Amino acid sequence: MKKLHSLALEQKEDVKHGESFFPVQKYITRLAGDYPVVTTHWHEEAELTLITKGDCLYQIDLVDYEVNEGDLVFIPPLMLHSIAQGKSEEIYSETYVFHINFLGGNSTDICSTRYLTPMMNQEYAMPCLITPAHPAYASLRKIFNQIGSLYDEALTGYELALKSLFLQAVFLLLQYSTRTTSGDTGTLSDKLKNVLDYIELHYAENISVSDLAKLCYFSDYHFMRFFKKHMNMTCVEYINNLRLEKAVELFEQGNTEILNVSLSVGFHNLSYFYRAFKKKYRMTPLSFIKKLK
């Protein structure tokens, strides 16, 4: 039986899901007061999720969805998405993240050229929220349950059956999809991706609001409103959050010089780094290092 992974607050688009020859990974996600959100991110893989407890708010391609217990959520490849805690005190979900290449997306047959590659290129507007009232729900829920059983039991040849089931899920969703072209929402989504990519590359440098606004061809004021609306935090909060995550990675890699770590991730004021770190992780950097040891 394979180890379960957890989608936590810091999941980013560069996370490796599964292995290169078997790009499928199961995640159990918990949202509560200590981890109320999965921040906006994207990746090459698709996601199929069942909400097993509570309710939450998904934002997919800058569109909000109220999601309840028992609902299924499908997120196509390369699509921005985030999750925020709803009214429930605790939310649990089960997610299967899979790369389209596992289904044959990198081949040259009719399935790839007519369906899988266009889906990767977001040429299909596919249903993201599948509630029990949706005509595909019963069949998709059955497929989801079969995926879960096969993944956990890992019987001989289960990879073949998983590929078949994911293809069946895509087939069902395609019946309720339409061909589309990138419109205003796609353009805004691309702008936000460009900003997040830029921050990922330059987080250790001084990044100004004006620098980011220019990437979107927005005024500073318009950009700050745009970022806060779609990320549920200011760009400064997002940058500091990313810097703290990078600091944790360095600590976990054995870097124990707190000042050097602080400077290398972009914090040039050590006392501010301490305050920000303690606020986010509820312990000082030194306590965190001792806990690792």
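A reminder to myself before I start: the model is predicted.

**Entry 1: helix 2**

I began with helix 2, which covers residues 137-153. I wanted to know how far apart its end C-alpha atoms should be. At 1.5 Å a residue, its 17 residues should span 24 Å. I then checked the ends, and the C-alpha atoms there are 24 Å apart, so the two values agree.

Which residues of helix 2 are buried? I noted Tyr 137, Leu 140, Ile 143, Phe 144, Ile 147, Gly 148, Leu 150 and Tyr 151.

Ala 154 follows it, and the phi of Ala 154 is positive, near 50°.

**Entry 2: strand 8**

How many bridges does strand 8 make with strand 1? I found eight, and the pairing is antiparallel. As one spot to look at, I picked Tyr 27, which stands opposite Thr 95 in strand 8. Strand 3 also pairs with strand 8 in the antiparallel sense, over seven bridges. There I marked Glu 47, whose bridge partner in strand 8 is Val 97.

A thing to remember from class: strands of a sheet pair through backbone hydrogen bonds, either parallel or antiparallel.

Then I moved to an open sheet of four strands, in the order 2-7-4-5 with antiparallel pairing. Which strands stand at the edges? They are strand 2 (37-41) and strand 5 (63-67). Each has a single partner strand, so one side of each is left without a neighbour in the sheet. On average, neighbouring strands here are turned by 20° against each other, direction ignored.

Inside this order, strand 4 (residues 56-60) pairs with strand 7 over five bridges, again antiparallel. One of the partners I jotted down for Cys 56 is Gln 85 in strand 7.

Strand 7 (residues 81-85) also holds Ser 82. Is Ser 82 buried or exposed? Its relative accessible area is 7%, and buried means under 20%, so Ser 82 counts as buried. Leaving out residues up to four places away in sequence, Ser 82 touches Val 38, Thr 39, Thr 40, Leu 57, Tyr 58 and Gln 59.

**Entry 3: helix 7 and two partners**

With helix 10 (residues 285-292), the angle is about 40° and the axes are 10 Å apart. That makes helix 7 oblique to helix 10. The crossing of these two is right-handed. Helix 7 brings Val 248, Phe 251 and Glu 252 to this contact, while helix 10 brings Pro 285, Phe 288, Ile 289 and Leu 292.

With helix 9 (residues 270-281), the angle is about 90° and the axes are 10 Å apart. This makes helix 7 roughly perpendicular to helix 9. On the helix 7 side, the contact residues include Asn 240, Leu 244, Val 248 and Phe 251. On the helix 9 side, among them are Tyr 272, Phe 273, Phe 277 and Tyr 281.

Terms used
Residues are numbered from 1 along each chain as its sequence is written. This is a predicted model: local features need pLDDT of at least 70, side-chain atom pairs count only at pLDDT 80 or more; totals for chains, interfaces and linings use all residues. Side-chain values use heavy atoms; hydrogens and water are left out. The expected span of a helix is 1.5 Å times one less than its number of residues. Buried means under 20% relative accessible area, exposed over 50%, partly exposed in between (1.4 Å probe, protein chains only). Contact means heavy atoms within 4.5 Å. Two strands pair if DSSP finds at least two bridges between them. Axes are lines fitted to C-alpha atoms, for helices over the stretch in contact, and angles run from 0 to 180 degrees between N-to-C directions. Angles under 35 degrees count as roughly parallel, over 145 as roughly antiparallel, 65 to 115 as roughly perpendicular and the rest as oblique. A crossing is left-handed if the near helix is turned anticlockwise from the far one by less than a right angle, and right-handed if clockwise.
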